[in-house]
Amino acid sequence: MAPLRSLLLAVLLAVPAGALTCYGDSGKPVDWFVVYKLPGKSRSGDATGSGLRYKYLDADSGGWRDGVAPINSSAGAVGRSLLPLYRSNASQLAFLLYNDQPPLPNKLPGTASRGHTKGVLLLDQEGGFWLIHSVPGFPPPASSAGYSWPPSARVYGQTLLCVSFPLSQFLMIGKQLTYTYPLVYDHNLQGDFAQKFPDLEEVVEGHHVQRGPWNNSVTLTSRAGVTFQSFAKFRNFGDDLYSGWLATALDSNLQVQFWHKSAGILPSNCSGGHDVLDVTQIGFPGPAAPTFSSTNDHSKWCVAPKGPWTCVGDMNRNLGEKQRGGGILCAQLPALWKAFQPLVKAWEPCKDP
């Protein structure tokens, strides 16, 4: 255990107090990263069956790389980025942890009416990051002993997108959350933060948008000047995020990866001006690379078959989620599209009308 304690101590010392940004697998700040946690039973992907291996991507990684540590380790990108949440000075920060399936024993009422949305906002007086993910029961509350990964999230694939933003962008992020109507299970939003971000205060208090239109998109600019487009819908929107809005908004066909074990799966839809196709098989590049079915993958993302759009979010395509809030974050980044588009190995064709 001594080497592990030494590694964790080195990680703690390597993350400066108050440096609220996404941290990459390199241990250095990054503007954005994506972690793709592999299923525990992916062919050639996780021979140990631990369900803790992941692939890592950022602007400078040159494509997917193997994660530097198991995903339950603070040495990896996700754990390292979340470390400030579990420090003794976390009360001086502002944060929102939200999840429609919060960590046990956080059994909160009214979860079915809330958005199907999962994420973390962590910020100080200069900025912070937005972590959008698909992981039930994650992350642990700030009062926990430290960062950990829920055992229940080892079996299936998961995606986590972290983007570093200057403080001003959290005004618009707060507005988006009033549409997605997240279930906030832990938060700290006091003093100046509550005054600067009234929409975040509304979200913490369990309020949501009160009048239509019931969907909203905004352009967000990362700390390094990268443009992202956020799409958010409230339950009154009453339609599928992808075929009912996103494909038209992006003016593109879409290949959508989501968990295929939920009830009322929506079939591929080619009835509109753009095709929205359900991905059924995912495969990473390279010899003996992991491949797996959408039934083993809880991640939520979509990609334009011919570019340039790639989106990572927290919504499935099913009947129930047509009536729930949620959203997705999209970008026209070549590095992101070149990494995600080749993952699509098979999809469900549209049936004849």
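**Reading aromatic pairs**

Modeller: Let's begin with a group of rings: Y36, W64, F284, F292, W301 and F340 form one aromatic cluster. This is a predicted model, where local features need pLDDT of at least 70, side-chain atom pairs count only at pLDDT 80 or more, and totals for chains, interfaces and linings use all residues. Residues are numbered from 1 along each chain as its sequence is written, and side-chain values use heavy atoms, leaving out hydrogens and water.

Biologist: How many aromatic pairs does a search of the whole structure find?

Modeller: Rings of Phe, Tyr and Trp (its six-membered ring) pair if their centres lie within 6.5 Å; planes under 30 degrees apart are stacked, over 60 edge-to-face, and the rest tilted. Here the search gives 19 aromatic pairs. Take Y36 and W301: their ring centres are 6.4 Å apart and their planes meet at 75 degrees, so the pair is edge-to-face.

Biologist: Which strands hold Y36 and W301?

Modeller: Strands (E, at least two residues) are DSSP runs, as are helices (H or I, at least four), numbered from the N terminus. Y36 is in strand β3 (residues 32-37) and W301 in strand β16 (residues 301-303), so this pair ties together parts 265 residues apart in sequence.

Biologist: Are Y36 and W301 buried or exposed?

Modeller: Buried means under 20% relative accessible area, exposed over 50%, and partly exposed in between (1.4 Å probe, protein chains only). Y36 and W301 are both buried.

Biologist: What sits over the ring of F284?

Modeller: A charge sits over a ring if NZ of Lys or CZ of Arg is within 6 Å of the ring centre and within 35 degrees of the ring normal. For F284, this is the charged end of K55, 5.9 Å from the ring centre.
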